[in-house]
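Opening the notebook on a new model.

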Amino acid sequence: MTKRIERVAVVGAGVMGAAIAAHFVNAHFAVDLLDIVPEDLTPEEKSRGLTLSHPAVRNRIVARGLEAAKRNKPPAFFLPKWFDRVRQGNLEDHFERLAEADWIVEAVAENLDIKKSLLKRIESVRRPDAIVSTNTSGIPIQSLASERSTDFRRHWVGTHFFNPPRYMRLLEVIPGAETRPWVVATVSEIGDRRLGKGIVVCKDTPNFIANRIGTFGLQHVLLLLEQDGYSLDEVDQLTGPAIGRPKSATFRTLDIVGLDTFAHVTQNIYRNAPNDEQRELFRVPAFVEVMLTKRFLGDKSGQGFYKKMGKDEILALNLASMEYGPRKKGRFPSLDMAKSIAGLDERLRLLTAATDRAGVFLWKTLSATLVYAANRVPEIADDIVSVDNAMKWGFNWELGPFETWDALGVASVAQRLEREGRPVPKLAEEVLATRSQTFYAQREGQTTYFDLQANQYREVAVPDGVLFLDRLREQGRTIKKNAGASLIDLGDGVAAVEFHSKMNSIGGDTLQMIHEGLKVARENFRGLVIGNQGQNFSVGANLMLILLEAQEQNWEEIDEMVRTFQRATMAIKYAPVPVVVAPFGMTLGGGCEICLHASRRQVFAETYMGLVESGVGLIPAGGGTKEMLVRAVERAGKDPENDLFPHLSQAFETIALGKVSGSADDARSLGFLRRGDGISRQRDRLIADAKTRVLQLASSDYQKPEAAKVTALGSRGLATLKIGMHQMKQGGFISDHDFAIGCKLACVLCGGDCNRVQEVSEEAILDLEREAFLSLCGERKTLERIQHMLQKRKPLRN
């Protein structure tokens, strides 16, 4: 059972509290945010003649916290205007508001006494059925509520959000000894379906799961930094994307987190884990103590391990002198070799087997972390899946520690540990006694994991409402496949076209599979989903092909490429069965155009959608410009001749400026989504949600749309748009090339330079799109922009 939650109150408007409140607003909850009343006036408040009794003063801390959450890059709110949806208050004038809340989230300073004092006050006003949770990174849950009533402890749970809460996927849920199961179920359900979190239920142990393992890994890197004489830049070269970790690697990550926060977390483990065999490693290093004294805390103080000087220059800290100087990257032969290896498993095997300084460092730090993680089961978690998920979702590791054991080979790691005289963890020994000798195994199309307590393999549970395409492939559900895409049977009469080209760019293979998917769906299925589960939905068309053809002046080839794309998008739009596209992450250029033509869009909340072709000197020519015109006409209503221009102008601005949505809700405001389109808060549920939408449309006797006619304003609209562009050019806001691109775009949106307002066919607009695209491909500036974009797209593994 779960409880319905409508109003959430967050207490504490610091960096985390304000951002947590913002994300509950994103999930459409009614939200209160409270904090203490300031004791002093600011100079600005004094100049305005305010007193300590003025509401603006008394709510200042909350107001500033929310303002920071709105201004942050990236922002905490899906839409900036949602800032006003938070009801602001303070802990003296508005404390009774907590009695209205279904769920109270305590998010004050990470201090045991402060938290306990606040919880005592909260208990005096909370409703008997209200859930109370604490956002703590490691303070024991039981110690916080030990003096509270039985009823309070039954409704008490830890909720460890990771920063920033909107973007970091992990939510650790930590029940107390008396927490009722429905409380855990309610918090987990909301975290999953409404907040989009990956839920890991943790034991009440020091720093729970992610911070326990992650902090050990960071401390071990700091140890090697001192012992073996690596520089900051060398360590960051080795601990970033090359080994499947974030680009921020080690020291940039610490600067973002804040060195004071890191020190607090590591001290908490040292104090509260007396039996940890690695306890001494959790002492704060001496050089970190010096940095704390000097307030070298990272981004929050303007300098940490790195210091930004001006716009582009970044200096690195010399730990011996505590002075900043030029950055010095290392030269590692093994790292150079690894750049050519796409697969992470193979890359890790090469790097850890290398004998150069990179290989030595990576074997030491990775093997130590693998051993430590294995020794923490079942102390911090009963299963390895929870540990792996916590590290992937909380620290953005591509592979969790037990997946890394398998990537390197459990037997190989164990043998090397033995040769070095290091003990092999009991859990690894148990795995080596099995037939597969791996922590994970595939059995009958299902992923299983080794369960230490049962001493057998168990199936990795897949929540209801979740579909993983890789598992469907393993079950033999692939219908057709080529280099760029696959056609997969999702079950229940729904098929799916899955992109899997490099960066999911759209080329001939992808378009061919879309046509094939539409044909198969028409003959044998009720409908079709277009989506994938890569890093991003699609970065757009394959620009390299366009560049090569343009350089050779193969205009007929480019013309046919554009026609092929247009045929695919129009086939999607006029398919006799419902087609639902499931975008997420970057959905740019051609990826956006495919979305615009579908029967419906089921969109992940974190979708960054845009027609960005103007950035490379082109216009959308796969039907994207045409579809934005169609939407403008729809919004204009019954009198498009007189009411269309404001909507047309908005479409022009969206395309010309290459606007990209900051969220799915923002995509709706930009006109990329229609009223019937859905938003999925949890990415793992996106494909299943899209499948459900297909079935709903099919069950409602879906009929393909009739061929559309669109209103073209012709020379009247074109002249007005050109006047605006001319003014921008005269003001120095756009270049001559930008002006040329804008003129081509305006001509398409206005249906050409016709003398009167008239209705034209979609095909006529597509022809104009194609003509404009081809003419712009011949511009030298356009080719230069495409080359620049392709250079930026090159993946960097170090």
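Below are my entries, from the whole chain down to single residues.

**Ground rules.** I'm working from a predicted model, so I keep in mind that local features need pLDDT of at least 70, side-chain atom pairs count only at pLDDT 80 or more, and totals for chains, interfaces and linings use all residues. Residues are numbered from 1 along each chain as its sequence is written, and side-chain values use heavy atoms, with hydrogens and water left out.

**Overall build.** I looked up the secondary structure and got 33 helices and 25 strands; these are DSSP runs numbered from the N terminus, helices being H or I with at least four residues and strands E with at least two. The radius of gyration is 28 Å, close to the 28 Å from the globule rule for 798 residues, so the protein is as compact as a globular protein of that length. For the record, that radius is taken over C-alpha atoms, and the rule is 2.2 Å times the number of residues to the power 0.38. Along the principal axes, the C-alpha atoms fill a box of roughly 80 × 70 × 60 Å.

**Burial and contacts.** I find 56% of the 798 residues buried; buried is under 20% relative accessible area, exposed over 50%, partly exposed in between (1.4 Å probe, protein chains only). Of the contacts between residues at least 6 apart in sequence, 69% join residues at least 24 apart, where contact means heavy atoms within 4.5 Å.

**One hairpin.** I picked out S15 (residues 478-481) and S16 (residues 485-491), which pair in the antiparallel sense over 3 bridges. Pairing takes at least two DSSP bridges between two strands. The two strands form a hairpin with 3 residues between them, and Thr478 sits opposite Ile488 in S16.

**Cis bonds.** Pro74 lies in the loop between helix H4 (60-71) and strand S3 (86-90). Val377 and Pro378 are also joined by a cis peptide bond, with omega about 15°, and Pro378 is in the loop between helix H16 (357-375) and helix H17 (384-394).

**Positive phi.** I noted His28, a non-glycine with phi near 70°, in the loop between helix H1 (15-26) and strand S2 (30-35). Ala249 is not a glycine either, and its phi is about 50°; its loop runs between helix H10 (232-238) and helix H11 (251-257). Is Ala249 buried or exposed? I get buried for Ala249, at 9% relative accessible area. His28 counts as partly exposed, at 44% relative accessibility.
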